[in-house]
Amino acid sequence: MTEKQPEHINASLIEARKKVLGVKFPTFYKDPVHLVRGEGVWVWDADGRRYLDCYNNVPHVGHCHPKVVEAISRQAATLNTHTRYLHEGIIRYAEKLTATFEDPLNSVLMTCTGSEANDIGLRMAEAVTGNRGIIVTDHTYHGNTTVVAQLSATNPPRTGDARHIRFVPAPDSYRPLGGAGGPPHALAFAETVRKQIDNLNATGHGFAALMVCPYFANEGFPDLHSGFLDPAADIVRAAGGVIIADEVQPGFGRIGSHMWGHQRIGVKPDIVTLGKPMGNGHPVAGVVTSADILTAFQDSFRYFNTFGGNPVSCAAAEAVLDVLEEEGLMAQANDVGAYARGLLRDLAGQHDCIGDVRGSGLFFGAEMVLNRETKKPATAFTAEIANNMRQEGILINFLGINFNVLKIRPPMQFTRSNADQLIETLDRVLAHTELKE
Ligand SMILES: Cc1ncc(COP(=O)(O)O)c(C=O)c1O
């Protein structure tokens, strides 16, 4: 593959980084990228090399969008305090945000990170049910607080109390539980939820909530029909539990067809948690729920967040919503995503390693396999593809149950011409990378 950054610059940064940030503080790619500037869908490294960013969802409306930068600067130069003072900014933002949800999701609590939002989501579930038992998928990630970290089955912490947590198999549309996709898969998934509710009740923990990313983003964004979660949701409600939708990844129009992942899959959550793209990189996150649940939470827990919902954060978040609307970025995500997936499917005609193409809007990718018959995952190959794409100036990554799904999730300003460049490069990289397990 082609040029690399000068070894000496990156090598000295890597060494300095290890000394102060720890030897196990990871970077993306075998050859880490040293980024110094961003604009729209582009980022530049220290040598002035430009990369097409096909991965970063946090700069949602584009790296350094001028409207967001201006809103942050203006508010930072005017006033920044916290939510114990009256301020129009948080009210205006909360009204605009909740207008994108259906009733009764009309109340907001603001935080700084998705992890905090999920932590609060769990406590809200406890406040309304009186129980602590939580069900999540066995390939999820919901964040890094002491409590939320326990929800990670693939990388569980070595300490802490996980006795009240139960896992169900992550939905996999390519290899559906029980063998058949569609409604039988939905029923099979719901049955696993029922068993874990029974187990939580039998072991004295009681059942509080099913928490899922409604797009199953970290699980490899399986292709699930609208209504897939209905049987599970019925079981959850019959058992007196609530549904928490973690929208940290699919939310804010990224999936093109809908503003929120739960709307696409057709489930009505009781609690929705938000994060990453909400402030275009400024640390803003939050929880949207009903007035009743928010009050139950406030009755049960004293809660104050020094930075959550401060005027600068709200200005950033409001600017993101405004830009999404003004620039029609959800519709663009729908169009460009469908176009890019079409190109990926064409590519599958030439490269047998592409086993499945899936996704929605600007959150899509391809599952890489050694053999389409056996569907054996090409995990090391997928990592190599991401690394080789980086050398070709295209930033993508991979995830999924077998870590063999190329994950493409660019800033929302991504165009058809950007998609052409992505797919042409992928074609070249696939042709030159040796297929391996
Ligand atoms: C689905 C999901 N939920 C929550 C989080 C945690 O968000 P944060 O890193 O802002 O705490 C992440 C982060 O990757 C995530 O992917």
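Select arginine 37 to begin. Arginine 37 is partly exposed, at 43% relative accessibility. (Buried means under 20% relative accessible area, exposed over 50%, and partly exposed in between, with a 1.4 Å probe and protein chains only.) Its salt-bridge partner is glutamate 39, with the closest N and O atoms 3.8 Å apart. A salt bridge here is a side-chain nitrogen of Lys or Arg within 4 Å of a carboxyl oxygen of Asp or Glu. Glutamate 39 is partly exposed as well, at 46%.

This is a predicted model: local features need pLDDT of at least 70, side-chain atom pairs count only at pLDDT 80 or more, and totals for chains, interfaces and linings use all residues. Residues are numbered from 1 along each chain as its sequence is written, and side-chain values use heavy atoms, with hydrogens and water left out.

**Tryptophan 42**

Go to tryptophan 42, in strand β2 (residues 42-45). Helices (H or I, at least four residues) and strands (E, at least two) are DSSP runs, numbered from the N terminus. Tryptophan 42 counts as buried, at 16% relative accessibility. Show its contacts (heavy atoms within 4.5 Å). Leaving out residues up to four places away in sequence, tryptophan 42 touches Arg37, Arg50, Tyr51, Leu52, His63, Asn418 and Gln421.

**Asparagine 57**

Next, select asparagine 57, in the loop between β3 (50-53) and α2 (66-76). Asparagine 57 is buried, with 1% relative accessibility. Beyond neighbours within four places in sequence, its contacts are Val248, Gln249, Arg254, Lys276, Pro277 and Arg409.

**Helices α3 and α9**

Color α3 (residues 88-98) and α9 (residues 311-326). Their axes come within 9 Å and cross at roughly 35 degrees. (Axes are lines fitted to C-alpha atoms, for helices over the stretch in contact; angles run from 0 to 180 degrees between N-to-C directions.) The crossing is left-handed, meaning that the near helix is turned anticlockwise from the far one by less than a right angle. From α3, show Gly89, Ile90, Arg92, Tyr93, Lys96 and Leu97; they meet Cys314, Ala317, Glu318, Leu321 and Asp322 of α9.

**Helix α6**

Move to α6 (residues 230-238), where Pro231, Ala232, Ala233, Ile235 and Val236 are buried. Their cover includes α5 (183-202), β7 (207-212) and β8 (242-246). Just after α6, stop at glycine 240, which has a positive phi of about 85 degrees.

The whole structure has 25 salt bridges. Select arginine 372 and aspartate 352, paired at 4.0 Å, N to O. Arginine 372 is in the loop between β12 (363-371) and β13 (376-377), and aspartate 352 in the loop between α10 (329-348) and β11 (354-360), so the pair ties together parts 20 residues apart in sequence. Arginine 372 is partly exposed at 36%, while aspartate 352 is exposed at 58%.

Now take glutamate 384 and lysine 436, whose closest N and O atoms are 3.0 Å apart. Lysine 436 is partly exposed, at 34%.

Finish with Asp172, Arg175, Asp356, Arg358 and Glu367: salt bridges with shared partners join them into one network.
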